Every structure is written in structure tokens, then in C-alpha cells.
Amino acid sequence: MELCQWWLHIFVFLLNAWIPSCFAQTPPPVRSSPTPTPRQMAEGPETLKFRLSGFPRKHNEGRIEVFYKDEWGTICDDDFSLANAHVLCRQLGFVSATGWTHSAKYGKGTGKIWLDNVQCSGSERSVSVCKSRGWGNSDCTHDEDAGVICKDERLPGYVDSNVIEVQVDENKVEEVRLRPVFTIATKRMPVTEGVVEIKNKDGWAQICDNGWTPKNSRVVCGMMGFPHEKKVNKNFYKQEPKAKTITKTSSKPKPGKSAAATRLYAERQKNHFLVHSVACLGTEVHLAACPLEFNYGNATESCPGGMPAVVSCVPGPLYTQSATMRKKLKMPSAIRLKGGAKYGEGRVEVLKGSEWGTVCDDRWNLLSASVVCRELGFGSAKEALTGARMGQGFGPIHMNEVQCTGHERSLLNCHYKNITAEDCKHTEDASVRCNVPYMGYEKTVRISGGRSRYEGRVEVLQTEANGTLRWGLICGEGWGTEAAMVVCRQLGLGYANHGLQETWYWDSSNVTEMVMSGVKCTGDEMSLSQCQHHRMVNCQKANARFSAGVICSETASDLVLNAPLVQQTTYIEDRPLHMLYCAAEEDCLSRSAAKANWPYGHRRLLRFSSQIHNIGRADFRPKAGRHSWVWHACHGHYHSMDIFTHYDLMSANGTKVAEGHKASFCLEDTDCEEGVSKRYECANFGEQGITVGCWDLYRHDIDCQWIDITDVKPGNYILQVVINPNYEVAESDFTNNAMKCNCKYDGHRIWVHNCHIGDAFSEEAEKKFEKYPGQLNNQIS
């Protein structure tokens with residue numbers, strides 16, 4: 001009887017297991033193959049690659065393609081949703097998706113259609129765990145290829161700027177840090193040495209140093225923002241052999257042993273080894289891209305004979321504390337970054353033949369970008385940006401199809417092709433975002449009261465004599481765009497749109513005391529504390545209503561003058577005085593004109609055309625609103641800026657011998673690049689500005705487009721034109737606002753040559769051009 005009952009139990013058990021299995025394998029009515037469950041698709045870790053393809057597109061959008069079983073393929077748009085796009089964008093290294101496309105918007109792909117009827121919830125770590133018909137099972141054509149539009153913000157630790165290799169595995173290195181063990185080192189910035197710790201889903205853990213190599217250290221240092229690694233004194237970090245656990249007695253100071261040493265010893269004991277083997281090549285931009293072997297057993301006992309991996313890094317010249325080292329670690333002279341909002345980002349420019357030029361983005365990737373970053377004294381690259389993401393350059397394009405191994409000391413050592421006119425345009429200029437050391441600057445300044453996190457009243461953190469901290473305000477007197485640029489950079493909020501001297505229209509704050517005044521910045525400082533300011537607060541309007549404020553923006557304009565056009569259009573005109581009344585009203589003539597016998601006689605004018613391009617990433621708009629534009633009846637137009645350009649003629653020793661200036665008669669789009677539409681037109685009291693990709697042309701034959709040289713003697717001179725000289729409108733780069741030319745005047749004719757943007761030549765070439773430092777103000781000596 002007992003035997004029968006035993007067989008009965010067996011029968012019921014098998015029946016319960018078999019019935020759900022039958023139902024689970026029932027095929028759908030129309031499909032010829034079963035629909036896999038998420039569990040079935042995700043069986044075993046598999047390496048997938050993702051990329052964005054197609055045309056036309058930006059770097060963060062395109063046809064989604066998957067590399068599976070050694071073949072690239074697409075995803076069908078059936079059942080596609082924004083949730084699917086979120087998952088795919090994260091696998092591409094972006095934070096999220098903003099949209100998706102259907103019906104092969106970015107063109108039809110080729111090869112396999114790997115996935116169809118994909119249905120994600122949006123929280124999945126990989127598209128492979130979402131519901132679908134299974135790999136390679138599709139009834140679609142490439143007319144139905146899906147695309148995604150990702151938010152232009154990167155996840156930390158992504159592997160490549162476009163093609164992302166994803167290891168579908170539970171173990172994932174999300175963040176890496178250096179934990180200093182010196183008490184004093186925890187307060188010093190940047191942290192250059194410490195225990196390597198990685199963060200995963202369970203928190204922070206260490207790496208066993210068995211087999212640890214300098215190549216591993218190089219990768220970690222690059223992530224931390226440092227260009228090089230150096231050897232560590234491992235004896236200092238080694239654990240004492242007898243101590244296995246930390247007890248109350250062992251934590252007490254012993255004779256001859258300081259309390260600080262004991263604390264350090266205690267810090268050494270707190271180890272949890274998650275990784276026991278790392279094998280980097282040294283060119284990776286993130287530790288997650290290196291082959292890692294994870295511990296699955298008792299993590300505290302999994303580093304036999306070893307200790308936590310410790311790394312020591314060499315900071316670049318901008319971040320080194322030692323003045324001696326700073327002199328040794330000079331910035332490179334043949335490469336630079338332009339147009340970025342922060343240190344360590346910008347358009348890549350290289351010096352060849354004494355002239356700066358850009359790099360074309362064909363084949364531009366993280367290996368090449370990391371060579372640039374390390375050469376400049378930063379860490380490895382976070383992003384290799386294409387499509388003139390940091391604004392367009394102006395002038396030659398020196399390099400194309402750059403291919404680096406990642407070990408080169410300079411970008412010029414990499415393999416590349418020389419450029420031809422047909423190969424690239426400045427719309428393809430390459431840019432980088434580099435890893436930079438964490439300095440904690442954002443903790444010492446804040447903005448409050450504004451309508452968004454990008455605007456507000458500036459408040460700085462001050463330390464009192466007794467050690468207490470307080471937030472105070474900054475006096476708005478003299479506060480300008482340059483100081484606002486530093487604040488926005490310090491807070492990671494991009495560029496400064498405006499530096500405000502009054503903030504009464506924003507919400508009030510409990511911070512009412514002025515603690516800083518007379519702030520003067522160049523605009524290049526990393527922190528407001530590096531700017532000049534009064535030793536003691538001296539503010540005439542000490543009320544909080546007149547405290548300094550900022551409005552920041554993620555993008556900015558960038559104006560640059562067409563130097564060759566100036567050289568081509570320069571000539572002399574003797575213009576009768578009776579034709580210059582309007583010009584005299586606008587103060588466009590030299591001072592001696594006031595003593596002339598009006599309307600008889602003439603003035604000698606040096607005329608030329610100005611074509612001003614906006615190569616930035618935001619439209620150039622006048623600071624003043626339409627309500628405050630000034631109507632000029634003589635010329636019949638509004639002035640939106642009092643001074644838009646300065647025109648100066650200077651002698652060889654830098655003395656200004658003649659000057660001119662131009663109010664913004666009208667800022668408008670005279671013409672634009674192909675594919676860019678005009679937005680601004682002066683007619684009928686229209687909006688004024690210069691659109692990105694457009695230019696404003698001031699022809700040589702309009703009023704005030706000259707320098708009055710009536711009183712100038714024959715000789716050799718420098719012609720200088722400066723756009724936006726008073727920094728009234730914020731730009732991403734002010735160093736390219738000046739243009740200079742060599743001039744020879746014989747009293748009757750003038751020759752103009754060597755016209756160039758102020759920062760277009762090498763230092764040596766610039767010294768040959770002029771034997772004195774350039775003058776950018778409008779004060780006559």
C-alpha cells in the first residue's frame with residue numbers, strides 16, 4: 001500500500017510539471033516558430049555590439065544596428081516603443097531616449113533583421129532580456145528598420161562613442177575611485193594616490209593586486225583625469241602579517257605608534273575583494289573595458305598573498321601642486337582645444353606650418369581622442385565627438401582619417417591623411433571631452449533665486465576666522481561676462497549668457513551679506529577664488545538687490561572675422577565732408593574732423609569689408625532687448641549695440657595712430673551656409689542677431705566701415721579689428737575675436753597683407769608679425 005502511494009506522488013509531480021510545459025510550448029496561430037521568453041533570450045552571458053547608422057543623422061541618433069553571432073543586423077519597428085529606445089540608448093552609452101523612428105527614416109539597413117516585436121518595459125539592462133520573437137525570427141523587410149534618438153548626455157563608463165560592446169552579465173563596474181588612506185590626502189585636491197575601488201550593485205569593493213600591471217594603473221589614472229601613472233611604494237600599504245581582524249585592543253595606540261598610524265592601519269584592513277584579476281592593454285578608457293575576473297566565493301579571502309591594488313598618478317600641469325613640477329610639465333605647443341565650456345573639452349586644433357588648423361572627424365574615435373587628452377595633460381577621453389559639436393573652426397583642416405593605437409605621445413605621431421578640399425568641411429571638425437581630476441570647486445559657489453538651475457544670484461562659501469563657514473553675496477559693481485563665465489564653468493553649467501549687476505527681480509534669500517567685491521576675472525580661471533578681488537569688501541550698493549548674478553547656457557555663439565576678405569577689399573577713399581554729416585554724428589571720424597572747415601574739404605578713409613561669421617553653437621543676439629534699441633534718424637535704423645567692432649591702426653611699437661568703431665547698425669543674416677536658413681532681418685523693426693552657420697556682411701561702402709587716416713603719416717602699421725570688444729555678448733571663445741594685418745602706407749596708396757585671426761598663428765610666427773603684445777582696448781596712447 002505504501003508503495004502505491006509513493007507511485008501516486010510521483011505521478012502527480014510529473015503531471016504538474018508536464019501540463020505547464022505543454023501550454024508554454026503551444027505555438028501562436030500565425031507564427032511558425034515559438035516566441036521566446038525573456039529568460040530564454042538571456043541564457044548565458046553573450047557579447048553584443050550596438051551602433052547608430054544611416055543618413056542624415058547626428059551623433060546621438062540613427063538606425064539601430066546590433067552585432068550578434070558575428071553579423072550586423074537591424075531591428076524591426078513592429079511593436080517598437082519609447083521604452084525600447086530607452087534600453088537601446090543606454091546600451092549605446094546615453095542616459096535615455098527622447099524619441100524613436102519607424103519605416104527606415106535613416107535609410108534601409110542590410111543583412112539580418114535580428115529582432116522583431118521587441119517589447120521592453122524600459123528598465124531592462126539589455127534588449128536581449130526584453131520580450132521579442134527571438135534572434136533572427138522576423139517577418140519584416142528593411143523598409144521597417146527602427147531608429148532611436150538618444151538624449152545627448154553620456155553615461156559614466158561607456159566604452160565607445162558609437163559602437164558599444166555590452167557584456168550581458170550581472171557583474172558590471174559602474175564607477176571607479178581612488179580612496180586615499182592618508183588623513184591629509186583626503187583634504188587635498190586632486191587625489192593622486194590611493195586604493196582602487198570599484199562600485200557595483202552591492203557597493204564599493206577592492207581589486208586584488210596579484211598580477212597588477214602598470215597598464216592597469218594607466219587606465220585607472222586616465223579615468224581619474226591624469227595623463228600618466230607612477231610606481232607606488234607598496235611596502236607602505238602592506239598589511240601587518242599578524243593582524244587578521246580589527247579588535248578594540250588593536251585599534252588603540254601602542255607605545256611608539258601614533259594614533260594616525262593606527263587609523264591608517266585600520267583603513268588597510270577593511271577589504272572586500274570583488275575582482276581578483278585585471279588585464280588591461282593600457283589603451284582602454286574605462287576599467288570596465290578591460291578583461292576582468294570576478295570573485296564568486298568568499299570575497300574577503302580571495303586575494304591570497306596579495307593586497308588591494310594601489311595606484312599613484314602624475315597630474316598634468318594645470319593640476320599639479322608643485323611649482324617646480326609645473327615648470328617641468330609644460331603644456332604642449334602643437335595641439336590645443338577650442339570652444340569648450342570646461343577645461344578638458346573642445347574642438348581639436350593642431351599646429352602645422354606655423355598655422356593652427358582643425359582635424360576632420362572621419363574615423364575619429366576614443367583611441368585618438370585619448371591621445372589628445374593625455375598630450376594636453378588630462379586623462380583618457382570620455383567622448384570622441386564628431387560633427388563640429390564644439391563649434392566649427394575657421395581656416396585650414398590639417399588632418400583626416402586619424403588612426404592612433406592609443407600609445408602615441410602626440411596626435412601628430414598617429415597615422416593620418418593630409419586633407420584635400422574635397423575631403424572635409426568644418427562641419428566635420430573633431431572634438432573631445434577628456435576625463436579631468438575632481439577638484440571640488442562646485443562646493444564653494446552656488447546660485448539661488450532663479451527660475452531654473454541655470455540662473456540665479458551668486459553666493460560664495462567663506463571661512464570665518466573661527467573656522468565657521470558662511471555663504472555671502474558678491475557685490476554687483478563691476479561684475480561682468482568674464483566673471484560669470486568662471487561661475488558657470490565652476491558649477492558645470494556651460495557658458496555664461498549674462499553677468500548681471502542687479503538681481504532684485506529674483507526670489508529673495510536668507511543670505512544678505514556681501515563678502516566679496518571688485519571681482520575681476522580673465523574668464524579662464526577654474527574657480528572664482530582664482531580671480532582678483534578686493535582684500536576688504538568695498539561696495540557702494542551693498543543691498544542684496546544689487547548683488548551679482550549669472551545666467552548660464554549649455555551653448556554659446558562664437559564670432560570670427562573673415563580675414564582674407566579684409567585683405568582683398570582694403571582701399572583708400574578721399575570722401576568730401578558734405579557726405580559725412582551722419583558719420584560725424586556717430587563719432588566715426590577722428591578728432592581733428594571737428595576743426596575742419598565743414599562742408600568743404602575731405603577726409604581720407606581706409607575702407608574695407610567685414611564679414612562676421614557665427615561658428616558657435618548658439619545664435620549671437622544683442623544683449624539689449626528691442627525696447628532699449630536706439631533709433632538713428634540720420635541713417636534710418638536701430639542700433640542694438642553701442643559698440644560692435646573696434647577698428648585700429650597701430651604703429652610698430654603698439655601706439656594707436658588712428659581708430660574707428662562701428663555700432664551694430666543692424667545685426668542680421670546676410671547669407672548662410674548650405675542647409676541653414678536665415679532667421680534675423682533688420683527690415684520692419686525685425687529681430688536682430690546672427691544665426692549659427694550664417695554671417696553678417698558690412699560692405700566697404702557703408703558709413704563708418706572705415707578708419708579715418710587723414711592725420712596718419714606714411715609708414716608701416718598694423719591694422720586691427722576686434723569684434724564684440726567689450727564682451728557685451730557671451731561667446732564660447734573670445735581669443736579669435738581679433739584680426740590683424742600688416743599695412744604699408746606711402747601717403748597715397750596702402751598695401752595690406754598677412755591678415756589673420758589673432759590666434760591663428762604659432763607664437764613664433766606671431767612674434768615675427770609684430771614685436772609687441774597685441775592691444776585689444778580702444779584707448780589712444
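Analyst: Happy to. A quick definition to begin with: two strands pair if DSSP finds at least two bridges between them. Helices (H or I, at least four residues) and strands (E, at least two) are DSSP runs, numbered from the N terminus. This is a predicted model, in which local features need pLDDT of at least 70, side-chain atom pairs count only at pLDDT 80 or more, and totals for chains, interfaces and linings use all residues. Residues are numbered from 1 along each chain as its sequence is written, and side-chain values use heavy atoms, with hydrogens and water left out.

User: Got it. How many helices and strands does the protein have?

Analyst: The protein has twelve helices and 41 strands.

User: In what order do the four strands of the open sheet come?

Analyst: The order is β28-β31-β37-β36, and the pairing is antiparallel. At the edges are β28 (559-561) and β36 (671-672), each pairing on one side only.

User: And how many bridges join β28 to β31?

Analyst: Three bridges join β28 to β31 (residues 610-614), and the two run antiparallel. Leu561 stands opposite Ile612 in β31.

User: Let's go inside. How much of the protein is buried?

Analyst: Buried residues make up 51% of the 781 residues. Buried means under 20% relative accessible area, exposed means over 50%, and partly exposed is in between (1.4 Å probe, protein chains only).

User: Which residues have the most contacts inside the largest nonpolar core?

Analyst: They are Phe644, Leu649, Leu719 and Met739, in a core of 35 residues. A nonpolar core here is a set of buried Ala, Val, Leu, Ile, Met, Phe, Trp, Tyr and Cys residues joined through side-chain atoms within 4.5 Å.

User: Nice. New topic: how many aromatic pairs are there?

Analyst: The count comes to eleven. The rule is that rings of Phe, Tyr and Trp (its six-membered ring) pair if their centres lie within 6.5 Å; planes under 30 degrees apart count as stacked, over 60 as edge-to-face and the rest as tilted. For Tyr68 and Trp114, the ring centres are 4.9 Å apart and the planes are at 85°, so this pair is edge-to-face. Tyr68 lies in strand β2 (residues 61-68) and Trp114 in strand β5 (residues 112-115), so the pair ties together parts that are 46 residues apart in sequence.

User: Are those two buried or exposed?

Analyst: Tyr68 counts as buried at 11% relative accessibility, and Trp114 counts as buried at 5%. Ring pairs also link Tyr68, Trp114 and Trp135 into a cluster.

User: What about helix α3: which of its residues are buried?

Analyst: Ala83, Asn84, Ala85, Val87, Leu88, Cys89 and Gln91 are the buried ones. Helix α3 (residues 82-91) is mostly covered, with seven of its ten residues buried. Just after α3, Gly93 takes a positive phi of about 95°.

User: Last stop, some loops. Where is Ser732?

Analyst: Ser732 lies in the loop between β39 and β40, and counts as buried at 15% relative accessibility. Leaving aside neighbours within four places in sequence, Ser732 is in contact (heavy atoms within 4.5 Å) with Gly339, Gly340, Tyr495, Ala556, Ser557 and Asp558.

User: And where is Glu525 found?

Analyst: Glu525 is in the loop between β26 (514-516) and β27 (549-553). At 11% relative accessibility, Glu525 counts as buried. Not counting residues up to four places away in sequence, Glu525 touches Tyr343, Val486, Arg489, Gln530 and Cys531. The C-alpha atoms of Glu525 and Val486 are separated by 6.1 Å, although the two are 39 residues apart along the chain.
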